[in-house]
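These are my notebook entries on a structure that I looked through chain by chain. I set down what I looked up and what I found.

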Amino acid sequence: MLKTEKVLHLKSSRGRKVRVVREHYVRERVPCCSALCQAGCANEDKVLPGDVTHYVVPDVAVVRDFLEVLEFRELRGIVFTQTACQAIQHSRGRRQYNRLRSLLKEPLHECVLFCNEFQQHTYCPRERDEPQEKWQTRCVYRAAVWYHEHLAGLMPVVMITEDPDAVAEYSSLSTGVYVISPQEYLQSFWPDVQAAQELYSSIAQALQERESEGQPREYPEHLPAEILEPGIKAGRYIQVSNGHCPSAPLEADCRERAAPSCENTVSTDILVWGMKHRNRAIHGDVVAVELLPCVDWRGRVTALTETEGDERTGEELQSPAIPTARVVGILQRTWRDYVVTFPPWEEVQSQSRNSQRILVTPWDRRIPKIHISTQRAEALQDHRVIVRLDSWESTSLYPNGHCVRVLGKAGELETEIQTILTENGIQVPPFSEAQLREMPVNSKENPWRVDPGQEVVRRDLRASHLVFSIDPQGCEDVDDALSVRMLPGGARLELGVHIADVTHFVRAGSLTDLEARSRATTYYLADRRYDMLPAVLSADLCSLLGGVDRYAMSVIWELDACSLAVRSVWFGRTLMRSSYQLCYEVAQSLLNEEPAEVPELSPLAEEDRRERLGELKQALAELTRVARHLRTQRDQGGALELEGLEVRAQLDADKNITALVPRVPLEIHETVAECMIYANHWVARKIQESFPQQALLRRHPPPRQEHFGPLTDSAKARGFHIDTRSNKALADSLDRAVDLHDPLVNRLLRVMATQAMSNALYFSTGSCPQEQYYHYGLALDRYTHFTSPIRRYADMVVHRLLMSAIESEGAAEPVETPANNKGLEETARHINGKNRAAQHAQKQSTELFQCLYFKDKDPLTDPRCVAEAVVYAIRANGLLVFIPRYGVKGAVYLRNRENQVVDVTGDGSCQWRPGSLQRFPDRICCVTVGGATHTFRLFDHITVRISVQVSRCHAGNLHLDVVSNRALEAPGPDRRPTGKSGTELVQEVVRWAEEASQQAEEHGTVSRFSKEEREYQQSKKPNLYCLLQEIRELALLDESNCQGPSLPSS
Amino acid sequence: MAGLELLSDQGYRLDGRKPSELRKVQARMGVFTQADGSAYIEQGNTKALAVVYGPHEVRGSRSKALHDRAVINCQYSMATFSTAERKRRPHGDRKSSEMSLHLKQTFEAAVLTSLYPRSQIDIFVKILQSDGGNYSACVNAATLAVIDAGIPMRDYVCACSAGFVENTAVVDLCHAEESGGGTVMSLALLPRGGQVALVQMDARLHQDHLDALMEAAMTACRSLGQVLDGVVRQHLQEVSVLTAE
């Protein structure tokens, strides 16, 4: 019948009580997944390379306890046995097993799985009364021996095991197969992978600690899953995902995911208060909670708490009681890597008798302190270290963890940046040799040329079209260019959007593609950026630079010359040469008929130049006309004013540069953005029609009405009415809400409106009903990202989809689609997650720079520390204010720890006096004992002093003190031109870091961990040229990010 | 052991088979001499015994007799020791009567009943050990027994089960796979003409996957048919050698 030989083996295993007999088929041919295979095994996708010195086969116990060590990419040629995998699955559960599975799937990590139990010669039945561990070790050893023999002795095989008996028993049994302990293995085979050895010893120590524990119980035990699941179904417990607000460490705020028994399906918040009730749940876990009786319900603390976690129990500070619960069981742990700070050595010695077991504080305030066992506590004091959690027993007050990697000394710029990256789960190792090898070459000696084969298949626009790009000054990665011309006859107008053809260079599934997918986007931090693609592509071959031939993906519309209605549209690959690489300012002055210097034209003769200039001007004018038309069309549909969204992007990302002074928006920005939105929209339509089940689109769900509460309340305080029923109504009412005396009011209202918005998301069309495709912010029924493939992975996916959509048009039978719905949805989720991480990292890095900027300024004397602020929200004991000059939002306390309140004297300056506070919806009153009352209202302008609150373990934050209740006078000298101050801020901090590192070098006290520090740093050595270059780029990035093509990213 | 991994990333099932591989089949015909026909089959760990009596006159009430064809009477039962926990009631429960009905329908489609009007054919099947695919083992055993009894049939009836795990069709499920909670389809096929004698599926399955599942099950049935054919030929050879002497 079937070709494979099978021998029937009976495997009996005693389950609960019953005797189960299972068949077990073994076969001769099981793929060995090695490049050296002599027997011609059917090896698929991933094979072990032949150029390693040895293969290593880890034992079950090693895989179980030290998987993290094996995850180091430097360790090559690992063979996992099926025996070990199954043991993991049984003893450690799904999570660990999935981790192993993803490790095996990871194409960059050289390890394979060998199904030893299905191989005729490596399968060994368990003997009667043989202990499980012995049997497993025997199986693994048999597999190791088989490997050695199967590869005809070409490759020595090392088996690593923790069990000394096994080492003694097997080590001399056969030549070519070595059995040693993992420690010995790491030391003798990988002496240069220091990090792996350190990780090994820290895990080993953590394991040892755990064995020697036995303490009274601190928390109630979790209920087992058998009780939880029926309980959740019956409505006795509620399944929630646990996320607590960072400002109140004792509160956990849970959002109910499914409302099981309630009639109202609106999800509600449930409060879990205190460590005891939280019962070892950590931020992000999915837990089951049990509601407490109504009498125990409490309200959420609305006061602004000091970050040090002082407990406030005053009832008047709390909002009305909401359902309160306690955690009874944990359904799913979502532990990740955490960055922690080691305490100073003196503190360690004083606080505990056992100085090898210390309590470290995570950088993320929502995570409890972690117990670490290490012998290097003295060397690591005040260092930031990545740790992983191992367990949290009910007997221990804090979870146990172990060190993974040292980042560096707390407070240093490089350490802090690495901390931010790690906390956001961003990994940006330098591009590997293999990835760079895939790249085409473009050097002086060997310049890149257009492939003649491509010339045939692509539509050639080089001669026929006037193509130009408009970007910020000095931009390197030009991913879009435009063209517009009147077709012969004059009845039709042709508009073209040309996008860099990245997918031509990056094949799906190549190493570069995999790396780009895992990064998902280019990361912009305040002082640097981490590219998604290697520089040869992003800044050169893909970039549509002026005057050189480039490949592009184009969308070309034929429009009616008068009505501008679309007559036909063409998508496809093109070959183009950009004639002009304009910047926004030049383009705008050309448009305004002002004199402008176009660099491409300067060498030409006067007459020629005038003619060419006229041509260009006409194209720009035509383009503007089309864009205006498109904009009006969208406005009628209810598009939100992008300006508002843009402000939010600026503030959230803290692009304080443009947020300082209201920017002079150039019309050309909007023109370019409008063309890009239009291209994105048409591509979305095309791929959605071609692949109704598997197209990657971007949707922006309408916001929840209750989120508009703060906005409407604040607007009411100024007498404006905000209609939030639809995006059109919202846009109109925001346009009306303008205070003539104070332009900031409108901007703040827009900021609040954008805060109420939900995030736009990528999704696959197959997993979402069609009515949810709508993009609320842009008022388009379908939208996607197509125009920036150099810096977004989603655009690359869309490019591939578009290409196969075009191919399938001509072909008779359906062309194979690039991805199925499930895979695409997975990709979309991954990209969404990475985008969020990128945003957070950007925001946190800017905050870091703000702190570093204010750190060495004396708040009492330095005039730069005093700034004007606008009140935008009222809390029980303070105000939330916005400082336009620095683009900073923060809290101002009106009551200090001694229960004193702010008192305003006659000239507007403020002092602390005993008194009380009264809060109203739109104002807050400070009543001093003397009877004086002062009121702070929404949108009041006040003056604050900025100082830095330094925190050893966490990110520092800015502390604001109210100085005066009036606006800062004579702002003249402080007002700097746009774009300067933010750069200055970054510049200064970088210079400061530079000086510090120079000093350190001079004194010969280079940090011991400099190697690890540098490992993840892209710029190897901070020389001054690099720094200046980075700063220059930054200034451009800021603009490119808030203007131009990134507008749709809102 | 929540959620056994039915199909590993390497494409192996729990017991080491690939998705399209059958379990080992061993069969014998003519195990009893008293009955008109009998057969014993092992499909992996599932073991079944079938005996056939008839065609003979209709027993019991005459009214059941059909004037133009034979009545087929099937009875299915499971031995008390066939499962991991001892069964209380070997036959007559809901499941058994349903299975009897299915067997009856299957064989009414395959046996040339019109050759024996006003008569009755009895098929009794007993599961000795159950490890998934009971229905298909019964059908295959009964086919051999009917052939042993010399009753003419249109073709062999071959049955096989198939399931759907992680977007892959998996054939000839064992007990662990059957109880894994996925969809299980039982298919009885007349392999030469490709007619389906019975198809049965209890759980839900997306329509898109149905064709793939049917295709896998039919391929499995065809290869089972070859095995059964081999068994019959071998049996005939042995018998003819005996009679020649």
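How many helices and strands make up the secondary structure of chain B? I found four helices and nine strands in chain B. Helices (H or I, at least four residues) and strands (E, at least two) are DSSP runs, numbered from the N terminus.

Conventions. I note that this is a predicted model, in which local features need pLDDT of at least 70 and side-chain atom pairs count only at pLDDT 80 or more, while totals for chains, interfaces and linings use all residues. Residues are numbered from 1 along each chain as its sequence is written, chains are lettered from A and ligands numbered from 1 in the order in which they are written, and side-chain values use heavy atoms, with hydrogens and water left out.

Entry on chain B. Along the sequence I read the order β-β-β-β-α-β-α-β-β-α-β-β-α. Of the 245 residues in chain B, 51% are buried; buried means under 20% relative accessible area, exposed over 50%, and partly exposed in between (1.4 Å probe, protein chains only). I then looked at contacts (heavy atoms within 4.5 Å). Of those in chain B between residues at least 6 apart in sequence, 68% join residues at least 24 apart.

Entry on Val146(B). I located Val146(B) in helix H2 (residues 134-149) of chain B. Val146(B) counts as buried because its relative accessibility is 1%. Setting aside residues up to four places away in sequence, I list its contacts as Val52(B), Phe107(B), Val111(B), Ile123(B), Ile151(B) and Met153(B). The C-alpha atom of Val146(B) lies 8.6 Å from that of Ala39(B), 107 residues apart along the chain.

Entry on the interface. The size of an interface is often given as the accessible area lost when the parts come together. Chain A and chain B bury about 2200 Å² between them, 51% of it on carbon and sulfur atoms; this buried area is the accessible area (1.4 Å probe) that two parts lose on being put together, summed over both. Each side is represented in the contact, with 26 residues from chain A and 26 residues from chain B. I counted four salt bridges between the two chains, a salt bridge being a side-chain nitrogen of Lys or Arg within 4 Å of a carboxyl oxygen of Asp or Glu. One salt bridge joins Arg101(A) and Asp9(B), at 2.9 Å from N to O. On chain A, the elements that give two or more residues to the side touching chain B are strand E1 (7-14), strand E2 (19-26) and helix H2 (82-105).

Entry on chain A. Helix H1 (residues 60-70) of chain A is largely enclosed by the rest of the structure, because 10 of its 11 residues are buried. Among them I note Val60(A), Asp65(A), Phe66(A) and Glu68(A).

I next turned to Ala166(A), in helix H4 (residues 164-170) of chain A. Why does Ala166(A) count as buried? Ala166(A) is buried because its relative accessible area is 2%. Beyond its neighbours within four places in sequence, Ala166(A) is in contact with Thr137(A), Thr161(A), Ser171(A) and Val179(A). The C-alpha atoms of Ala166(A) and Thr137(A) are separated by 7.4 Å.
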